[in-house]
Amino acid sequence: MAKRFNIRMAGVGGQGVVTGSHILSTAVINAGGESTIVPFYGSEKRMAPVESYVRVSDEPIYEIGEITFPHIIIIFHPQVITHGKSYTMPFYFGLKEDGIALINNDGPMKLHKDQARELEERRAKLYYFPATKLSLEVAGMDLATNMALMGCIGAITGLTNMAGLEQAVKDRFLGKGFVVSGGTAALDSVVERKFKKKQELIDKNVAVMRAGWNYAVDHGWASADVKRVEEPAAAASA
Amino acid sequence: MSEALEAQQKTNPQGDPITSVAAPKSDGKKDPHADAKRQKIVTPEYMFHEAPRTKEFITGSEAAKEAIRRSNVDLAVAYPITPQSETMQLVGVLYGEGYVKEYYRGEEEVGVMAAIAGGSRSGVRCFTATAGPGTLRGMEGIASWPGHRLPAVAMFTCRVVNAPLAIQPDNIEVAYLLNCGMIVFHAENQQDMFDFIMAGFAISEKNDVTLPVGVCCDGFFVTHARGYVRMQDRGIKLPPREAWRGAVPVLDAENPPARLSRDAPVQKSNFMAYNIHAVWQQEVWAAVERSRKYISKYMGGMLTAENVEGADAVIIASGSACAQSREAVRLCKEKGLNVGLIKVRSLRPFPTQELRQLCGKVKLIVVPEFNYVGWLAKEVATAIYGYSKAKIIGGPRVYGGQSMPVELIVDEVESGLTGKKSTNVALSSIMGGAVNPDEVAHFMRSI
C-alpha cells in the first residue's frame, strides 16, 4: 500500500505557512517522492488565518484542492486553537482516525473537554512541539518557526531527508521558479535585511530545520527508518 | 545579490503580484527578444507526437504561459479581473521576451472579447484568459465568436459566478459555454492545460473547423497549484496562423468596404433572416462535429477510459473531478471494489458515441461534479439514453468552489452498489429506468 499523508497546515499571516509547505513539498520531491500543495488564504495580512494543504506520497498523487480529511494537521500558532484563527473549526475537523496533530506550543495546551474527548475518540496523537522557541534559540529570531515545523514533519513522515530539505531551502532563497505573493516578497526583504547575507540566512534556516528533525526523532515521533542528523555547532552558537 | 533582488521588487508599477518570472532586463547590449527570434517552426504533428519532452513541476498558469510560448501567438489581450489567474500576467512577460507580438490590457471583458474578435477577424492568432465573473461579463462577445467563425483560444479558469459571492473554483460557468457553438475542453491538471491550449490553436484554425476553442479548468486548483508538466523544448513553436486557410475570408481594413454582418436581411425579422440564421448555426455546429477527427489526431481522443471493462461501477468525470476520482478508484480498490474511470476531455463536441459503446453493459455510473446543476450528469444521461440500463448517480456535487473530498465519491460508489441510501445526492439527480426512489435517496427527497 502506498505511503500517503494528507497534511493540513494552519497558522497566521507572517509565519510562513505557505512558504513552509512549499519547502516540505519540494523536499519530498527532491528525495524522490511525490507531493502537491494548495495554499489557502484570504487577505494577506499579519495574524490573519492561513491554511495550506500538502499531500506527500511515494506514489503519484492526483487529488487536488483543500484537504477535508487529513492524516496530519500542523498548527503553526496556538491562537489557531485559542482564538479560532482558522478556516477549519475546530482545528482538528476531519482528522482521520489515528491521525497526528503537531502543535507549535511550549507544552500541552488545555483544550475544551468536548474537544479533548473528540480527539480521544478518533485516537488522535497530539504532538506539542516548541517550534518558535527552538527557532529563537537556534536562529535568534522567530521567523524560522516554519523551518522547525518542516524539519519535524519531514522526520515524522519519513518521505524526505535532510539533503532534500536543505536543497528546498536553497531553491527558496536563491530563487528557482518559486512563485511568491506580494506580501511574502515584502517579508523576504525584511528577512534579508536582518540577515544581510543570504548564505547566513540559509544556514540558520537549515540549522533550525535540523533541530526540528532531531526533536521529532528524540521524542519517538519520527518514522521508523528515520535517524538523527548532525546539527552544525557554528549555526547553533549564533 | 540582495541588491538585485530589491531592484526586482520595485519593478511593480501596477501592484500585481510579483512572480519569479519577471521580464528580462535589458543591459542595452543583449537583445531581450534574442531567444524568441531563434525559435524554430515545427509541424503540429512533430510538436504533439514526436518532439522530446522534459518534465517540470510548475503551476497551471505557468503551464499556460509555456504553451503560449510555443504557440506562435500574435495577439494577447488581458484584463485582470478578480478572481483571476496569473496566466495573462505571465503572457505579458512573454510579450516582453518577444514570444507574443502584441499584448495589451483591455478596458474590461466586453472590450477584451471584442478585441479578440477583431484580432481573429483580421487574421492573427489570438489568446486571452479570464475567470468566473469575467467569463460571464465577456459572454456576449464569446457567444458571438463561433457564429462569426473566429479561430482563437480562450482559457477559462472557472470560479464561482452564482451568489453568494466566492472566489473559489466552481465550474458552473462551463454550462454557459457549452451552448455557444465553440469547442470546449476541460482540463484535469496542469499537463492538460499545456496540451489542450496548444492543440486548441491547431484545431481551431483547421479550414473545416474555423471556430474558437475554450480551454476550461477548475481555477485555483489547477492555475495556482503545481503539478508535473512534460514540455517540448522552448526553442520550437507551432507554424503561424495562415488566415487564408480559414473557412471565411479575413477582414481587410485596407480595402473597404469591410462588412461584419453578411447581409442586411439578417437584421430584419423575416423568412430570409430566419433561414440565414438556421443555415449559419447549422454550419457552426457541423463544424463542431468536424473537429472530432482533429481532437483524436492531436489530443488522442475526446475521452480516456481506464478499467471500464468488467468494473463493478464506473465514474465519469471531467476537470478536477477526474483527479479526485482517480484517488477514489484507489481507495475503492483498497476496499475490494473494482471501479473504472472515464475522463471526458472534450465537452464540445461531446463523446456521445464513445460513451454509448463504453457504457452498454455498465450497471452503475457515478458522476461527481464541482457545480450545483450537474451539467455533466445531464450530458451523460442524454448521451447514453436507450443505450445503457445503468443507474446514474448525478453526484456527489460540491458548490462554491469547495474541494470535493474523495471520501464522498467512495460513499456514492458504495451506496450505489449496495443499495444503501445515498447521503449526498438529491433524488432528482439519480437517473435510470429501474431505480426505486425508496431505495436510493433520502437527501432532499421532496425536491
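Q: How are residues and chains numbered here, and which pLDDT do local features need?
A: Residues count from 1 along each chain as its sequence is written, while chains are lettered from A and ligands numbered from 1 in the order in which they are written. In this predicted model local features need pLDDT of at least 70, side-chain atom pairs count only at pLDDT 80 or more, and totals for chains, interfaces and linings use all residues.

Q: What is the strand order of the open sheet in chain A?
A: Strands are DSSP runs of E, at least two residues, and helices are runs of H or I, at least four, numbered from the N terminus. Two strands pair if DSSP finds at least two bridges between them. In chain A the order of the 6 strands is 2-3-1-4-5-6, with mixed pairing.

Q: Which are the edge strands?
A: Strand 2 (34–41) and strand 6 (125–129) of chain A each pair on one side only. Strand 2 of chain A runs antiparallel to strand 3 (residues 49–57) of chain A, with 8 bridges. Ser35(A) has Val56(A) in strand 3 of chain A as its bridge partner.

Q: Where is chain B divided into domains?
A: Domain bounds come from an automatic or database domain assignment. Chain B has domain 1 (32–245) and domain 2 (303–443), with C-alpha centres 29 Å apart.

Q: How many residues does the contact take from each domain of chain B?
A: Residues are in contact if their C-beta atoms, placed from the backbone, lie within 7 Å. The contact takes 24 residues from domain 1 of chain B and 20 residues from domain 2 of chain B. On the domain 1 side, strand 7 of chain B gives the largest share, 5 residues.

Key: Contact = placed C-beta atoms within 7 Å.
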